[in-house]
Amino acid sequence: PDEQLDLDDGRWEDIHVVTGALKLFLRELPEPLVPFSHFDKFIAAIKIQDLSLRGRCIRDLVQSLPPAHHDTMKVLFRHLCRVVEHKEENRMSVQSVAIVFGPTLLRPASEEGNMAMHMVFQNQVVEHILNHYGYIFPE
């Protein structure tokens, strides 16, 4: 059904409600923003020691995403970069944003395996994309 959302409604004034709704929406997608087919590739890329090779590899992986995933990621990360620009007021550093969004945006198809280890790399991928937004998404 076409739900009409009244953003002037007082309950949307709390930024945590809006962020929670966004995270819930992203978490409940049938497939994450980074498709399951790309999860292992992103994890392998973030482990590359050579920084310039790592950067190219992650950029190429982002470029290889299906258009809907790529375009949504571009808009979402542009917004998250703006959030980080205001970290003095909102206390949301690159690391904080990565911790909040890493496991939501990239997750393995099955939950088995070392989840704690995965989480470190999931967060690092999000951090990398935030830190290199202009290179990954050239205008």
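Mentor: H1 passes H6 in a right-handed crossing, meaning that the near helix is turned clockwise from the far one by less than a right angle. This is a predicted model, in which local features need pLDDT of at least 70 and side-chain atom pairs count only at pLDDT 80 or more, while totals for chains, interfaces and linings use all residues. Residues are numbered from 1 along each chain as its sequence is written, and side-chain values use heavy atoms, with hydrogens and water left out.

Trainee: Which residues of H1 and H6 make the contact?
Mentor: From H1 they are Thr19, Leu22, Lys23, Leu26 and Arg27, and from H6 Val100, Phe101, Thr104 and Leu105, where contact means heavy atoms within 4.5 Å.

Trainee: And by class?
Mentor: The contact of H1 with H6 has five nonpolar, two polar and two charged residues.

Trainee: New topic: how many disulfides are there?
Mentor: The count is zero, taking a disulfide as a pair of cysteine sulfur atoms within 2.5 Å.

Trainee: Is Cys81 buried or exposed?
Mentor: Cys81 is buried, with a relative accessible area of 16%, whereas Cys57 is partly exposed at 26%; buried means under 20%, exposed over 50% and partly exposed in between, with a 1.4 Å probe and protein chains only.

Trainee: What about the phi of Arg91?
Mentor: Arg91 is not a glycine, yet its phi is positive, about 55 degrees. Most residues other than glycine have a negative phi. Arg91 is exposed, at 69% relative accessible area.

Methods:
Helices (H or I, at least four residues) and strands (E, at least two) are DSSP runs, numbered from the N terminus. Ala, Val, Leu, Ile, Met, Phe, Trp, Tyr, Cys and Pro count as nonpolar, Asp, Glu, Lys and Arg as charged, and the others, Gly among them, as polar.
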